[in-house]
Amino acid sequence: MISEKTKSLDRANELASRGLSDEKIINDIIENEKPIPKRLPAELYDKVNYMCRRWMDRIARFEIEYDFIPNIRVLKTVLLCLIESAPVFHSKFIDNHINPYWKVSDYHIDDIFSVRETMNLERSADDFLLQGIPVTSNVQIKIGLFFCEGKCRLCFIFNHMCMDGGGLKSFLNDMFRGYESYMKNGTVSVFYSGKSRAYECVYDDMSEADRKTAKKLFAAVSSKDKHTLPFTKLRETDRKMLVRKKIGADIFEPARLKAKECGATANDLISAAYIRAFYDVSGCDETEKVGISSAVDLRRYIKHPENIGYTNHTAFIPCIVESKGETMADTLKAVAKSTTESKKDKFMGLHGQPLLNLGFSTMIYAQAELITSLGYTNANLSVSNVGAMKPESLAFDSVVPTSVWVGGGAKEKPCAALNVLSYNGDLMLTTCIRGNESDRKMLANFFDRIEENLKLL
């Protein structure tokens with residue numbers, strides 16, 4: 001029988017071989033972490049996002065820019081602790097067609113974190129962000145720090161199977177608080193704790209009656225809208241691209257405050273501008289009904305989301321307008337009415353989840369993916385809003401970012417998922433697609449129309 005001393009020594013050697021050199025941190029990890037399993041279950045949303053590989057590249061993207069370069073040694077140490085705390089990030093996805101799982105794998109921090117000086121921050125960052133990560137890779141997240149003349153861009157790409165925007169915000173919170181703690185007192189209090197990544201966590205804090213009701217909501221709710229933006233036809237020469245736009249606080253903040261006066265949220269405002277811009281660029285008849293899908297974070301049902309692991313808890317709800325409306329205010333009222341109806345539902349976002357869970361848990365995976373994909377609705381028009389990100393929550397050594405961007409998977413046309421966040425009052429828009437220069441120009445015009453519609457309010 002292997003002694004505890006031998007196990008601790010083996011674990012210390014493993015951590016050192018992965019690039020961790022701080023003996024105190026190594027000892028803290030060994031003393032505080034739970035035993036790490038050799039395999040992890042593939043959770044429901046892991047499987048759903050894997051199924052979606054036919055419509056997107058499954059890679060989520062995030063970028064932060066600073067007029068500053070953080071302490072690279074400290075950041076590397078903190079990131080290594082975070083990766084050790086979440087073994088799904090250093091695992092291979094094993095699709096055995098029957099019951100897929102994550103195989104926890106060995107790695108070195110250099111497989112995940114890279115640092116490079118560059119003469120062109122934007123190009124280097126975009127090249128990094130447009131990479132892919134195979135499910136067979138030993139790591140499922142990569143982080144690049146690019147610096148030039150005292151400025152830097154910190155870029156993240158990760159397999160969307162591992163976590164969503166809500167999971168990313170949790171990861172970032174742990175990273176920045178860990179960096180701050182290590183700079184102050186040489187400690188990082190993030191260890192593997194076995195926190196659940198399971199979809200069922202959304203039901204844990206419900207009353208028994210609500211839980212029973214929610215688990216019977218087999219019928220999905222979607223906009224079932226077939227409209228698309230005017231993309232060009234698919235070509236073999238199409239390539240992945242990021243299309244981005246910053247709408248300044250001088251435009252977005254007055255519009256947001258005006259929307260609030262009308263009883264509409266910032267998300268309603270963005271959706272209304274998106275819908276009007278769609279009418280503008282698509283040539284869709286202004287009297288036609290249009291529906292988009294809007295992301296909702298199911299962590300709303302979890303009282304203490306900090307007690308779950310980095311995972312996916314995102315669903316989509318429909319937002320439908322009967323027509324464009326005469327003015328932006330008309331469209332905003334129609335959007336607010338639609339979302340208000342959705343919010344009246346005590347179980348918003350939970351419809352259809354039990355059916356997905358039933359399919360993926362009772363059939364062998366190959367069957368479940370085939371059957372589910374036949375009835376799965378992948379929205380052509382959708383908005384995913386990460387929400388407001390506070391400058392101080394993303395600060396290194398009290399230095400806040402100059403800009404922040406978020407992007408989702410590179411979609412296959414005609415899907416047009418808009419990823420949004422607000423930072424310091426600015427609205428940051430991003431779409432990642434596989435297309436060509438004509439598609440880029442069309443999307444740039446689409447974003448311009450979103451801005452113009454915000455001005456109209």
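A disulfide is a pair of cysteine sulfur atoms within 2.5 Å. In this predicted model, a search of the whole structure returns 0 disulfides. Cys-81 takes part in none, and the nearest cysteine sulfur, that of Cys-162, is 19 Å away. Cys-284 is likewise in no disulfide; the nearest cysteine sulfur, that of Cys-319, is 14 Å away. Cys-81 counts as buried because its relative accessibility is 1%, and Cys-284 counts as buried because its relative accessibility is 11%.

**Overall architecture**

The protein contains 14 helices and 15 strands. Its C-alpha atoms fill a box of roughly 75 × 55 × 45 Å along the principal axes. A compact globule of 457 residues would have a radius of gyration near 23 Å, so the 22 Å of the protein agrees with that expectation. Buried residues make up 54% of the 457 residues. Of the contacts between residues at least 6 apart in sequence, 78% join residues at least 24 apart.

The accessible surface comes to about 20,400 Å², and carbon and sulfur atoms account for 51% of this surface. The protein carries 62 positive and 60 negative side chains, with the centres of the two sets 3 Å apart.

**Thr-311 and Arg-197**

Thr-311 is located in the loop between strand E9 (290-297) and strand E10 (314-321). Its relative accessibility is 1%, which means that Thr-311 counts as buried. Beyond residues up to four places away in sequence, Thr-311 touches Cys-162, Met-163, Asp-164, Gly-167, Arg-197 and Arg-299.

Arg-197 occupies the loop between helix H7 (165-185) and helix H8 (208-214). With a relative accessibility of 11%, Arg-197 counts as buried. Residues touched by Arg-197, not counting those up to four places away in sequence, include Glu-43, Asp-46, Trp-102, Tyr-310 and Thr-311. Cys-162 is also touched by Arg-197, and Cys-162 is one of the residues in contact with Thr-311. Between Arg-197 and His-304, the separation is 107 residues in sequence and 14 Å in space, C-alpha to C-alpha.

**Val-290 in strand E9**

Val-290 belongs to strand E9. Its relative accessibility of 0% is under 20%, the limit for a buried residue, and therefore Val-290 counts as buried. Apart from neighbours within four places in sequence, Val-290 is in contact with residues including Asp-225, His-227, Phe-278, Ile-320 and Leu-381. Cys-284 and Cys-319 are also among the contacts of Val-290. Lys-195 is 95 residues from Val-290 in sequence, and the C-alpha atoms of these two residues are 40 Å apart in space.

**Backbone features in loops**

The peptide bond from Lys-413 to Pro-414 is cis, with omega near 10°. Pro-414 lies in the loop between strand E13 (411-412) and strand E14 (416-423).

Positive phi values occur at Arg-58 and at Asp-397, neither of which is a glycine. The table gives their values and places.

| Residue | Phi | Loop |
|---|---|---|
| Arg-58 | about 65° | between helix H3 (44-51) and strand E2 (59-66) |
| Asp-397 | about 50° | between strand E11 (381-389) and strand E12 (403-407) |

Arg-58 counts as buried because its relative accessibility is 10%, whereas Asp-397, with a relative accessible area of 37%, is partly exposed.

Key:
Residues numbered from 1 in each chain as written. Predicted model: local features only at pLDDT ≥ 70, side-chain atom pairs only at ≥ 80, totals over all residues. Heavy atoms only, no water. Buried < 20%, exposed > 50% of the residue type's maximum accessible area, 1.4 Å probe, protein only. Helix = DSSP H or I, 4+ residues; strand = E, 2+ residues; numbered from the N terminus. Rg over C-alpha atoms; globule rule 2.2 N^0.38 Å. Contact = heavy atoms within 4.5 Å. Areas by Shrake-Rupley, 256 points an atom, 1.4 Å probe, with all protein chains shown as cover. Lys, Arg positive; Asp, Glu negative; His and termini not counted. Charge placed at Lys NZ, Arg CZ, Asp CG, Glu CD.
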